[in-house]
Number of protein chains: 2
Amino acid sequence: MARSVGSAESPGDRDALNTGQVYIICDSAVSGVEPKAIMSGTQRVVRWYPPAYDIRVEDAPIPQIIDDDDAIVKVILAGLCGSDLHIYRGHEDVDRDLICGHEIIGEVVALGSSFCPDSIGRPELYSTLKVGDKVVSPFTVSCGECHFCRIGFTCRCKHSCLLGIPALPGGQAQYIRIPKAGGTLFSLNSHHVSSSRPVPDLSTLSDSSLLLLADILPTGAFAAIQALQHPKVAPILIGAKYPFGGFVAHRVTARDQTSVGLQAEDRILTIGIVGLGPVGICATVSLLDMLSGLAESQGLVYQIIAIDPLESRRSKMEAVYDTIHSGGKAWTGRFAVASIDDGKKLSAEWTDGAGCNAVLEVVGNNNALTLSYEIVRPFGIISSVGVHQEPPLPFNGRGVYDKNVSFDFGRCPVRAMFPIAVDILLKRQDVFGSVGEKASLIDKIVPLNEAPDAYEDFDKGRCGKILFDPWR
Amino acid sequence: MARSVGSAESPGDRDALNTGQVYIICDSAVSGVEPKAIMSGTQRVVRWYPPAYDIRVEDAPIPQIIDDDDAIVKVILAGLCGSDLHIYRGHEDVDRDLICGHEIIGEVVALGSSFCPDSIGRPELYSTLKVGDKVVSPFTVSCGECHFCRIGFTCRCKHSCLLGIPALPGGQAQYIRIPKAGGTLFSLNSHHVSSSRPVPDLSTLSDSSLLLLADILPTGAFAAIQALQHPKVAPILIGAKYPFGGFVAHRVTARDQTSVGLQAEDRILTIGIVGLGPVGICATVSLLDMLSGLAESQGLVYQIIAIDPLESRRSKMEAVYDTIHSGGKAWTGRFAVASIDDGKKLSAEWTDGAGCNAVLEVVGNNNALTLSYEIVRPFGIISSVGVHQEPPLPFNGRGVYDKNVSFDFGRCPVRAMFPIAVDILLKRQDVFGSVGEKASLIDKIVPLNEAPDAYEDFDKGRCGKILFDPWR
Ligand SMILES: [Zn+2]
Ligand SMILES: [Zn+2]
Ligand SMILES: [Zn+2]
Ligand SMILES: [Zn+2]
């Protein structure tokens, strides 16, 4: 039954939809795939109970389509993420139990009635997505149709909702309901790739590698791109004196009266990364990828200082960097992995005391912000993607004025970053394509019933990133 | 005696220079103008005494050239500025008396030995500036030769020094010594304008209008340009979804999968200005100028909400806006001058509740920052040029993360902004070209001996911007 959005419905129809008991699947969308008969059963889920540290694996009803724009996705893999620990530790003021998890890759098993060939003018997946398609979901819902979605700020969609909260059960489960699925989901099937451009073939990639698209790789790429696109970095990248790198100032006719132009040493870009957890490593790999492109096209020289207090994280970062190097295409910049003290020393030594042009803050606490501020130079940028909590920012007005510092705070618009993240994922399978090896971002894949141990180990820093296979 | 920098000098020469008793004027630089014989006398100056509110007009020695790169400038006009009030009120922790003032326009009366035709590879004024030339100085020294100067971040020059502090006597005086003058000064004479481009003729402009270049017009333009060049504003200006407006992301081949592109309503740019003192008015006029250019070339629609709690400042802003309107070229955007409450209301009403895309904060206290934060939308920018003091920033980590807010803090690199500010000054003589009229930024020009009253009136908000004529 094909039905376009906004068409007249009888109250009976609407009630039936809202009970969640009846599926209305677009005939064309199923395209030969039998509607699954699993919908009325139960599934296994990872559930957190307040106040903290209480993770249980339980049975729960399989989620139902309750809105025309919903999709039900059978979870192939679900990630355990640093943000899950905020809830685990009871830091998010949640007083109800919830099904955990916001990072999933899966397969579409049911679609609401909005998914029809005649869904014209809506996000294209409403007319092309099919039951059986492989998809990745960002960790927040985004409709694809409001102002914030249209402009690319998808994490602030008017319908935004985090996956894995009481109002929207998460993905550490066998099934998950995705609202506004035509705007939220990203299809990994090649029939959703434009034929007019080179087609990235995602079918060759491992599920564990694709799972990184749900959060941490786009978030890392966002941290990097916020810094590299900032107008205070533009003079270094393009060799034009501030503020003439932007399109606002190009019409000016008066002269500067200084004949001293930019010199080679002014074109050295020094960037610090504070925090080398999985997102920090993704940020570093993204940064290296973007900078190597710019070094080729713009003659840029760069220096990267990747900082973490933990030896285990530094080793992982070093192994990832070695993998990249042995992968054939060498980076032409300078690169160091450093403890906090060494990082401070290097950021001064490598810059004649000036400090870093930009710092990517990928931790989410005030120690990390303070360190970032300490090593950033005047007119530098702090690109902060760490998930921060209640404490006041550790800065005062006179300090930020005297340093001419810029800050970009906040959540990654994952859905808008997908094309860029997919690009990096394809290029860097040497880093992202493995599990459990020295340079792997993902330590292991475990069954759902190991969730209580996995949370505890992850919380205590005894392991790196873990994925759940809910069918094992 | 012509001498290039770094040439051998006898210890005797150097000692003579450093005593400040002997001038070594480049022969070619004086070019027919007699070296003045005024140098050993005394002059009238405005002097501040700690702890606060103590302004006296006194005699003081005429400043001497003490370094090869110095210039002595005879002050034509000196500004009284909001920043002077920080010292006046004793908020700057200064425990010594000082000669006040950081905004001057004047005439070169003596030059150090670095000013020679053979000053090759240095800022061009070292080889072209002459005694008798009319100049404006930014409120900080900038050498024009260090990394920060070369890249355009001139207010963070390695030799940076504020005018009007104990270490560098200010410009509310008859003469002032400008260090690193070939990098710091901007010549208003047309022989310093490139012949290969249209020549802005500054000779027609009034001295009071040119004085605005020393600080407040470039600072206002900087506030505007920081906002307009930010990558989070780029999607609105150029109609490309974030993050694809920058040059980093353009190589990506994967598809977005959303067919819903930017619509007309997404191309409406709403900007708030918090604070309508002289700098706030300069920021607003600069913004209107830049936006009208963009509206023509990019099809942009804009809305501006200029906010101040004081009725007198709002009236001034309205008079300035009316002047612009009656000047022939009408602005095509929407414009309102508003109280704080009305400003909040409008920023919601005009944006369907989203808030402003960017806010220019031109006050320098936490109330202004808090208001800016309140009216800025998620993924918005706060461009803060207010001079902030010791209090901690009034923001917490969770808030800035959840709002995806960006901040650009700090001092205007006035020297780097000169070409843009000159451009605006030339175009907007209808606003900047008068004194003491309803729409004038400058209320009056008074003799130095009225300084005690002028400071008190300005501090109490009983007048707008005042200039001193030290020869009246
Ligand atoms: Zn995550
Ligand atoms: Zn949306
Ligand atoms: Zn000033
Ligand atoms: Zn300098």
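Student: Which residue stands opposite A:Ser384 in strand 13 of chain A?

Tutor: In this predicted model, A:Glu361 is the residue that stands opposite A:Ser384, and that pairing belongs to a set of five bridges which join strand 12 of chain A to strand 13 (residues 376-384) of chain A, the two strands running parallel.

Student: What joins strand 9 of chain A to strand 12 of chain A, and how do they run?

Tutor: Four bridges join strand 9 (residues 268-274) to strand 12, and these strands also run parallel; within strand 12, A:Leu360 is the bridge partner of A:Ile273.

Student: Which unit do strand 12, helix 13 and strand 13 of chain A make?

Tutor: Together with helix 13 (residues 366-375), strands 12 and 13 of chain A make a β-α-β unit, and that unit is right-handed.

Student: Is strand 12 of chain A enclosed or open, and why?

Tutor: Burial is judged by relative accessible area, with under 20% as the cut-off. Because six of the six residues of strand 12 (residues 356-361) are buried, the strand is largely enclosed by the rest of the structure.

Student: How should I read the site of the zinc ion (ligand 2)?

Tutor: Ideal angles for four tetrahedral donors are 109.5 degrees. Here the zinc ion (ligand 2) is coordinated by the SG atoms of A:Cys143, A:Cys146, A:Cys149 and A:Cys157, at 2.3 to 2.4 Å, and with angles of 103 to 116 degrees among the four donor atoms its site is tetrahedral. Along the chain, the donors follow the spacing C-x2-C-x2-C-x7-C.

Student: Why do A:Cys143 and A:Cys146 count as buried?

Tutor: With the cut-off at under 20%, A:Cys143 counts as buried because its relative accessibility is 2%, and A:Cys146 does so because its relative accessibility is 9%.

Definitions and conventions. Residues are numbered from 1 along each chain as its sequence is written. Chains are lettered from A and ligands numbered from 1 in the order in which they are written. This is a predicted model: local features need pLDDT of at least 70, side-chain atom pairs count only at pLDDT 80 or more; totals for chains, interfaces and linings use all residues. Side-chain values use heavy atoms; hydrogens and water are left out. Donors are N, O and S atoms within 2.8 Å of the metal (3.2 Å for Na, K and Ca); water is not among the atoms, so sites may look incomplete. Four donors count as tetrahedral if all angles lie between 85 and 135 degrees; four count as square planar and six as octahedral if opposite donors are over 155 degrees apart and all others between 65 and 115; anything else is irregular. Buried means under 20% relative accessible area, exposed over 50%, partly exposed in between (1.4 Å probe, protein chains only). Two strands pair if DSSP finds at least two bridges between them. A crossover is right-handed if, with the strands pointing away from the viewer, the path from the first strand over the helix to the second runs clockwise.
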